[in-house]
2 protein chains.
Amino acid sequence: MNERRTEISEFGEFGLINHLTKNWPMFRKESLKAVGDDAAVLDSSDQITLISTDMLVEGVHFDLSYSPLKHLGYKAVVVNLSDICAMNGEPHQVLVSLAISNRFPVEALEELYFGIKQACQNYKVDLIGGDTTTSRSGLVISVTAVGKAEKGKEVYRSGAAMNELLVVSGDLGAAYMGLQILEREKSVYQSSPEVQPDLNGADYILERQLKPEARVDVKIYLKELGIEPTSMIDISDGLSSEAIHLAKASGLGLSIYEEKIPIDNLTYDKAREFNLDPTLCALSGGEDYELLFTIAQEDFEKIKDHPHFSVIGHMSDPAAGYVLIDRNGGQHQLTAQGWDPLLKG
Amino acid sequence: MNERRTEISEFGEFGLINHLTKNWPMFRKESLKAVGDDAAVLDSSDQITLISTDMLVEGVHFDLSYSPLKHLGYKAVVVNLSDICAMNGEPHQVLVSLAISNRFPVEALEELYFGIKQACQNYKVDLIGGDTTTSRSGLVISVTAVGKAEKGKEVYRSGAAMNELLVVSGDLGAAYMGLQILEREKSVYQSSPEVQPDLNGADYILERQLKPEARVDVKIYLKELGIEPTSMIDISDGLSSEAIHLAKASGLGLSIYEEKIPIDNLTYDKAREFNLDPTLCALSGGEDYELLFTIAQEDFEKIKDHPHFSVIGHMSDPAAGYVLIDRNGGQHQLTAQGWDPLLKG
């Protein structure tokens, strides 16, 4: 944060938003009117519109003692773009509303908007509106994302069919391990403020927690592979919970093979260091913002060697329930609660 | 509120939203998918899309000691629909996000959603998404409204031209007087809890404060009259502040005639009772959610006797500034701050 401290009250509500969004680049020609009128105006087309909204609350979704504001702004946008990706859509616009306490100077908001702007630039999405208001306590960020999909190509959670393959992008559990490290260093700092935080060698998993990315590339890879996903969801709450959402919405059961779950080496080692089961971190950790989707069995050959995808299981009869098959062939019941321990089936 | 008290924790996040939106009616065929997937899905057309978002924060925008939750839910939706009306659009969908503290039982949320549902039904708008999360302190409601306008018929703040007439719908100042009464009765209650609140005969202005309506009818009346507004804004912050927004966005000055400002008799009498200037209540009070717009001079004859509209002034050269002409012909400078006293020009 800068040394300067400008009180928010020095700007009016409108002055503040104008100040924070000055020289803001726009990327989408359909964004006819963005910030500055009663509503944003989007030009239509023959595509369908996707809209998603998420709220981040201080003390619940983030801790400002270790979340830099610019990362927080970035993440608030990204988690919403991820929802658009999870419909097989392309995110185009965002609206960002903030409730802020006076304890924040304008420079803190500038830092937050710096992160929002970075996300807008990286993903070529336009900031088209929002609301900035006072909060009597913590910081609340509400983001609405707008996207497009070709008509008929949008993918719902409910589209999976029996025996289809369950595929996940990237790797899982890293964001959760990043959080463990940040929480540990926070408690070390609280008891011994003179000790320097030990974050060495954990860059990847810290970044997964603090500055996640939305998988806008998955749609492109699948198109290249000639694969149309049949159902899709993003992993915000952990693989187990999201897989069960997918199965429930599709009226099916599912099986996941433990050995197929993609876990990065660093995540694995850090989990062991923390005496955590790496598989449990992947199943229940959440905040990875990877995409989980189903494809037809005949697409297996097309996807099996792709570096960004792992086939981790398949859909099954609803009577079979939600099953994790461990390395020894043992079967376990997956539970909807991301945080519950696994129950032996 | 009901006698029952069900803890929010008895439902999961998804269970809670499913519970609150059970049997929810849908009105728009373009709302392909609403609550229950990663994003809402809207079918497009040859119209343009309007999107607006607003955040209401407990202790800042509402006081639960006199705002019934069902009115609050209703109002949270309506203030967003009003923004769509202010673009000359028709509101079609809303997304509602809540941050709620555990001090609220499920029954309180049911009451809030009852109000949201009433607004959805009255205005035939679909609830298509949202997010429900924990708050560590007060209640925060963030609503995003989506609407449509015929391409080329959307109306911006910036469209006014020199000498065009300034018109306002309905009457002004009542919502502010409603707030004064509620604040007075709250302070009476705090000092003498045995005294019954004196709200008699103030129904209209209390309703204007607690349960405002969005002027979806203005678009219809104007069409009937054969009038196309050239610029438009809704009055959320007071006539003075909104008129100046319009003038600034259009690069013009303006004059408003005090005697033309529509003030309901009850508002007038209550203002006098509170030793407040009724004109000042109308200029600076806010929360009336009436529409302020400009029309061509030649449309004067069409609109002058309409019961829902008042021609209150005209746009002028920017050098003339923002002027209030009082009953004696005296000129005063209007200020952007809704709450500042008028300065003699």
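## First stop: a histidine in chain B

Select His61(B): it is buried, because 20 other C-beta atoms lie within 10 Å (buried means 20 or more other C-beta atoms within 10 Å of the residue's own, exposed 12 or fewer, and partly exposed in between, with C-beta atoms placed from the backbone). You're looking at a predicted model, in which local features need pLDDT of at least 70 and side-chain atom pairs count only at pLDDT 80 or more, while totals for chains, interfaces and linings use all residues. Residues are numbered from 1 along each chain as its sequence is written, and chains are lettered from A and ligands numbered from 1 in the order in which they are written.

His61(B) sits in the loop between strand E3 (48-57) and helix H2 (69-85) of chain B. Helices (H or I, at least four residues) and strands (E, at least two) are DSSP runs, numbered from the N terminus.

Which strands make up the open sheet, and in what order? Show E5(A)-E4(A)-E6(A)-E3(A)-E2(B)-E1(B): these 6 strands form it, with mixed pairing. Strand E5 (126-134) of chain A and strand E1 (31-33) of chain B stand at the edges, each with a single partner strand, so one side of each has no neighbour in the sheet.

Zoom in on E4 (residues 90-100) and E6 (residues 140-149) of chain A, which pair in the antiparallel sense over 9 bridges (strands pair if DSSP finds at least two bridges between them). Pick Leu98(A), and you'll find its bridge partner, Ile141(A), in E6(A).

## Two helices crossing

Switch to helix H4 (residues 174-191) and helix H5 (residues 203-210) of chain A, whose axes come within 7 Å and cross at roughly 100 degrees. Axes are lines fitted to C-alpha atoms, for helices over the stretch in contact, and angles run from 0 to 180 degrees between N-to-C directions. That makes H4(A) roughly perpendicular to H5(A) (65 to 115 degrees; under 35 is roughly parallel, over 145 roughly antiparallel, the rest oblique).

## Last stop: both chains

Zoom out. Chain A can be laid on chain B by a turn of 180 degrees and a shift of 0.0 Å along the axis, with an RMSD of 0.0 Å (a least-squares superposition on C-alpha atoms of residues with pLDDT of at least 70 in both copies). That is the relation of a two-fold axis.
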